[in-house]
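Subject: Structure for your review

Dear colleague,

Please find below the sequence and structure for your review. My findings follow directly after it.

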Amino acid sequence: MEHYIEDNLLLEVINLKTYFPVKKGILGFQKEYVKAVDDVTLSIKSGETLGIVGESGSGKSTLGKSIMRLVKTTSGKIKIRGKEITSLSKKEMFPIRKDVQIVFQDPYSSLNPRFTVGKIVSEGMRLHNICQETEIQEKLIKIFEKVGLREFHIDNYPHEFSGGQRQRIGIARALALNPRLIIADEPVSALDVSVQAQVINLFMDLQEEFELSYMFIAHDLSVIAQICSKIGVMYLGNIVEITDRETLFKNPQHPYTKALLSSIPMHNPQSKKKQHQLIKGDIPSPTNPPSGCKFHTRCPFVKKICKLEKPVLKQLEKGHEVACHLV
């Protein structure tokens, strides 16, 4: 949405690190750390959709949960509308939670099977006093209609719904608190392709109607391309490239970004030769990441400096940052 001013920042993440301790050895005295999020800086403006893309194990979901304060961060700052929330207690975080909501990857395990979906969606409304008790049923009906469900669904249980419907319930639960930012953690990866398109369209319609901002986490660039105005590419806990959607697809600079783009299926593979080389091997262990550039063990263009020095994000042009020694 272009009518928002440039400094209208909703979310700021500054040098965020989230490490998980892992005990090793027979007695468990030796300690290592899984560096799930390793010095990430990004921002989201009001009305903007930031896509976070990368392979499994790159730290995308942990980044989303860290911003939500669902996991404990190691260092860095998280600001919501200018207010730093990194060190707030649970009690201090409570009023902020209604501004930032999350939609989880698995629409079934995130819904309590013992409750009707009406109770699940209205629980947050009651906790945050969104409306009077007498108004809850009416608000529930409106929210269910907004996400493509019917009034009679309110009294049903999660197991009575399809995967796509359950994800709509998850979206309704987030929407019920009138949030400003929704973190969508791979919200369509467990759904059929035809249902994926419907859910993505729903996200876009809701954004336009309620002026929402999104952090949309996915491993599929073709999904990210449909909804995101800005895209950050994540590898082994780091953002390696971040820019607007058009620039990323037309002028990718990081070898990892180029490889991800090469992996997108083409309608006619014979019509155009793929210019980018696919990467080989698996993502290294986050407990023992490679020295220097973490991508150097899989990069087809690796140089000596890549093994020795960790590249930092540098601005190539306004709004386009890349962490690579070769650009």
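In what follows, a residue is called buried under 20% relative accessible area, exposed over 50%, and partly exposed in between, with a 1.4 Å probe and protein chains only. This is a predicted model, in which local features need pLDDT of at least 70 and side-chain atom pairs count only at pLDDT 80 or more, while totals for chains, interfaces and linings use all residues. Residues are numbered from 1 along each chain as its sequence is written, and side-chain values use heavy atoms, with hydrogens and water left out.

I begin with the cysteines. Cys-299 is buried, with a relative accessible area of 12%, and Cys-306 is buried as well, at 7%. A search of the whole structure finds 0 disulfides, a disulfide being a pair of cysteine sulfur atoms within 2.5 Å. For Cys-299, the closest cysteine sulfur belongs to Cys-306 and lies 6.2 Å away, too far for a bond. For Cys-306, the closest cysteine sulfur is that of Cys-293, at 6.0 Å, which is again too far for a bond.

Next, helix α5. Helices (H or I, at least four residues) and strands (E, at least two) are DSSP runs, numbered from the N terminus. Helix α5 covers residues 163-175, and its end C-alpha atoms are 18 Å apart, in agreement with the 18 Å that its 13 residues should span at 1.5 Å a residue; the expected span is 1.5 Å times one less than the number of residues. Because 10 of the 13 residues of α5 are buried, the helix is largely enclosed by the rest of the structure. Among these buried residues are Arg-166, Gln-167 and Arg-168, as well as Ile-169 and Leu-175. Their cover includes β6 (100-103), α3 (117-127), α4 (136-146), β7 (181-185) and α6 (193-210).

Ile-224 is found in helix α7 (residues 221-227). Ile-224 counts as buried because its relative accessibility is 0%. Leaving aside residues up to four places away in sequence, Ile-224 touches Gly-51, Ile-52, Val-53, Phe-216, Ala-218 and Ile-231, where contact means heavy atoms within 4.5 Å. Ile-224 and Leu-50 are 174 residues apart in sequence, yet their C-alpha atoms are 9.0 Å apart in space.

Finally, Leu-316 has its place in strand β11 (residues 314-317). At 37% relative accessibility, Leu-316 counts as partly exposed.

Yours sincerely
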